[in-house]
Amino acid sequence: GGLWGALTALSPQDWEQRQEEDTLLIERILLLVRNVLHVPPDPTEEQGVDGDASVHDRVLWALHISGMDDLLKFLASAQVEQQWALHVLEIISLMFRDQSPEELAALGQGTAGAEHGEDTRELETLRQRELAEKRARALQRPSRHSRFGGSYVLQGLKSIGDRDVVFHKGLHNLKSYTHDLGKEPRRVPRHRQA
């Protein structure tokens with residue numbers, strides 16, 4: 001009580017101009033809180049009714065009522081108080097010692113958490129249905145069309161040498177066949193054009 005009263009009596013201006021004994025006092029209080037929270041639970045001693053607050057929870061509630069949690073937040077966030085960072089970090093980790101991350105995340109959400117879980121399940125169902133439809137469409141779609149139209153030998157039309165012409169386009173293009181097919185047209189300079 002006396003230590004905590006002395007600590008809270010310091011105004012923010014006093015905090016900046018505090019003496020060495022004030023710094024020692026702050027460190028002692030932080031170490032005291034850390035040591036109190038560090039005491040392991042004893043299940044044989046704590047034989048309360050289900051739903052009763054454990055000793056650890058009651059200590060946390062006392063810290064909250066006294067305003068110690070606000071002081072810890074101040075020490076953790078103030079740039080000039082970085083010397084206490086490890087003490088504060090250790091105290092906070094001990095405060096949440098018996099809690100699982102899942103319980104902490106779900107804590108206080110109530111009906112909003114239930115609605116969120118329902119929305120998540122509904123979205124997952126819709127996503128699975130969409131994936132199934134996409135797979136079904138992929139199976140119904142014909143395989144990719146090959147651009148290869150085939151090769152044909154044009155009998156009676158001679159290429160260079162004594163062989164028949166091999167035509168690499170589709171048969172529907174045969175009407176427009178010339179020996180110059182696929183060759184670059186010769187460019188005629190402008191002044192030579194007719």
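Accessible areas here come from the Shrake-Rupley method with a 1.4 Å probe, and for residues only the protein chains shown count as cover. By that method, the protein has an accessible surface of about 16,400 Å². Carbon and sulfur atoms hold 55% of this surface.

This is a predicted model, in which local features need pLDDT of at least 70, side-chain atom pairs count only at pLDDT 80 or more, and totals for chains, interfaces and linings use all residues. Residues are numbered from 1 along each chain as its sequence is written, and side-chain values use heavy atoms, with hydrogens and water left out.

## Overall build

The protein has eight helices and two strands. Helices (H or I, at least four residues) and strands (E, at least two) are DSSP runs, numbered from the N terminus. The order from the N terminus is α-α-α-α-α-α-α-α-β-β.

The chain has 194 residues, and 19% of them count as buried. Buried means under 20% relative accessible area, exposed means over 50%, and partly exposed lies in between (1.4 Å probe, protein chains only).

Contact means heavy atoms within 4.5 Å. Among contacts with a separation of 6 or more, 45% join residues 24 or more positions apart.

## The nonpolar core

A nonpolar core is a set of buried Ala, Val, Leu, Ile, Met, Phe, Trp, Tyr and Cys residues joined through side-chain atoms within 4.5 Å. The largest one has 17 residues. Leu30, Val33, Leu37, Met68, Leu72 and Ile91 touch the most other members. Helices H3, H4 (55-66), H5 and H6 each supply at least two residues of this core. H3 gives the most, with six residues.

His87 is found in helix H6. Is His87 buried or exposed? His87 counts as buried, because its relative accessibility is 18%. Leaving aside neighbours within four places in sequence, His87 is in contact with Glu27, Leu30 and Leu31. Leu30 is also one of the core residues that touch the most other members.

## Salt bridges

A salt bridge is a side-chain nitrogen of Lys or Arg within 4 Å of a carboxyl oxygen of Asp or Glu. The whole structure holds three salt bridges.

| Salt bridge | Closest N to O distance |
|---|---|
| Glu90 and Arg34 | 3.2 Å |

Glu90 and Arg34 form a salt bridge. This pair links distant parts of the chain, with Glu90 in helix H6 (residues 85-95) and Arg34 in helix H3 (residues 20-38), 56 residues apart. Glu90 counts as partly exposed, at 31% relative accessibility.

Asp70 and Lys73 both sit in helix H5 (residues 68-77). They are three residues apart, so about one helical turn separates them. Asp70 is partly exposed at 46% relative accessibility, whereas Lys73 counts as exposed at 52%.

Arg127 and Glu124 belong to helix H8 (residues 110-140). Being three residues apart, Arg127 and Glu124 are also separated by about one helical turn. Arg127 is partly exposed at 45% relative accessibility. Glu124 is partly exposed too, with a relative accessible area of 35%.

## A surface patch and a loop proline

Which residues form a nonpolar patch on the surface? They are Ile92, Phe96 and Leu104, with about 230 Å² of accessible area together. Patches are made of residues with over 30% relative accessible area and no salt bridge: like charges are joined within 9 Å, nonpolar side chains (Val, Leu, Ile, Met, Phe, Trp, Tyr) within 5 Å. Phe96 lies in the loop between H6 and helix H7 (101-106). Phe96 is partly exposed, with a relative accessible area of 44%.

Pro41 has its place in the loop between H3 and H4. Its relative accessible area is 48%, so Pro41 is partly exposed. Pro41 and His56 are 15 residues apart in sequence. In space, their C-alpha atoms are 7.4 Å apart.

## The strand pair

Strand E1 (residues 152-158) and strand E2 (residues 164-167) pair in the antiparallel sense over four bridges. Two strands pair if DSSP finds at least two bridges between them. Val153 stands opposite Val166 in E2. The hairpin of E1 and E2 has five residues between the strands. There, Gly161 takes a positive phi near 90°.
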